[in-house]
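Hi everyone, thanks for making time. I'd like to walk you through a structure that may be new to you, so let me put it up on the screen.

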Amino acid sequence: MSTTARLPAALDGALLVRVAATDTDWVAGLPPVPPGWGLTASLSGPARSEEPRALAARGYRLVGELPDRGGRRTADVLVPEELRERERPWWWSFLLLAERVFDPRLGPVLAILGPVLQRHLEALAPEDGPSTARA
């Protein structure tokens with residue numbers, strides 16, 4: 001993903017939120033996505049067999065596994081600005097789980113997390129339907 005190109009619309013105002021995914025029951029700690037929304041999530045390392053189904057049951061769609069970052073296992077969730085504004089109680093409960101929050105509008109984020117963001121963008125492509133759009 002080029003840092004000089006215009007930011008894709010799906011990333012404009014969105015934040016990439018990193019949460020710990022070390023425990024086997026980490027998904028149960030995620031707040032369910034509010035009705036009418038769907039969020040994309042990527043993992044550092046391979047998914048455990050139950051994770052895709054558990055994520056989907058809570059409104060998150062696993063969009064890929066990326067190489068282990070050499071540290072703790074994490075999940076990155078792309079959260080659009082509109083969801084954060086409309087569902088503030090959900091956002092604050094989700095934010096309490098965050099280890100880090102990345103803003104794709106910042107060049108270093110694009111440079112370092114380009115492969116992660118690309119997985120989310122591919123999942124949000126029109127042929128798959130707008131998974132972060134309000135139903």
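Let's begin with a pair of arginines: Arg-18 has Arg-100, in E5, as its bridge partner. One thing to keep in mind is that this is a predicted model.

Now step back to the whole sheet. How many strands form it, and in what order? There are five, arranged E3-E2-E4-E1-E5 in an open sheet with mixed pairing. From one strand to the next, the twist averages 25°.

On to the inside. The largest nonpolar core has 21 residues, and those touching the most other members include Trp-26, Leu-39, Trp-90 and Phe-94. Strands E1, E2 and E4 and helix H3 (88-95) each give two or more residues to this core. There is also a second, separate core of 11 residues, with Leu-11 and Phe-102 among them.

Let me pick out two tryptophans. Trp-26 sits in the loop between E1 and E2. Is Trp-26 buried or exposed? Its relative accessibility is 9%, so Trp-26 counts as buried. Beyond its sequence neighbours within four places, Trp-26 contacts residues including Val-19, Leu-43, Arg-48 and Glu-51. Glu-51 is 25 residues away from Trp-26 in sequence, yet their C-alpha atoms are 9.2 Å apart.

Then there's Trp-90: leaving aside neighbours within four places, its contacts include Pro-31, Pro-32, Pro-34, Tyr-60 and Val-79.

Terms used:
Residues are numbered from 1 along each chain as its sequence is written. This is a predicted model: local features need pLDDT of at least 70, side-chain atom pairs count only at pLDDT 80 or more; totals for chains, interfaces and linings use all residues. Side-chain values use heavy atoms; hydrogens and water are left out. A nonpolar core is a set of buried Ala, Val, Leu, Ile, Met, Phe, Trp, Tyr and Cys residues joined through side-chain atoms within 4.5 Å. Buried means under 20% relative accessible area, exposed over 50%, partly exposed in between (1.4 Å probe, protein chains only). Helices (H or I, at least four residues) and strands (E, at least two) are DSSP runs, numbered from the N terminus. Contact means heavy atoms within 4.5 Å. Two strands pair if DSSP finds at least two bridges between them. Axes are lines fitted to C-alpha atoms, for helices over the stretch in contact, and angles run from 0 to 180 degrees between N-to-C directions.
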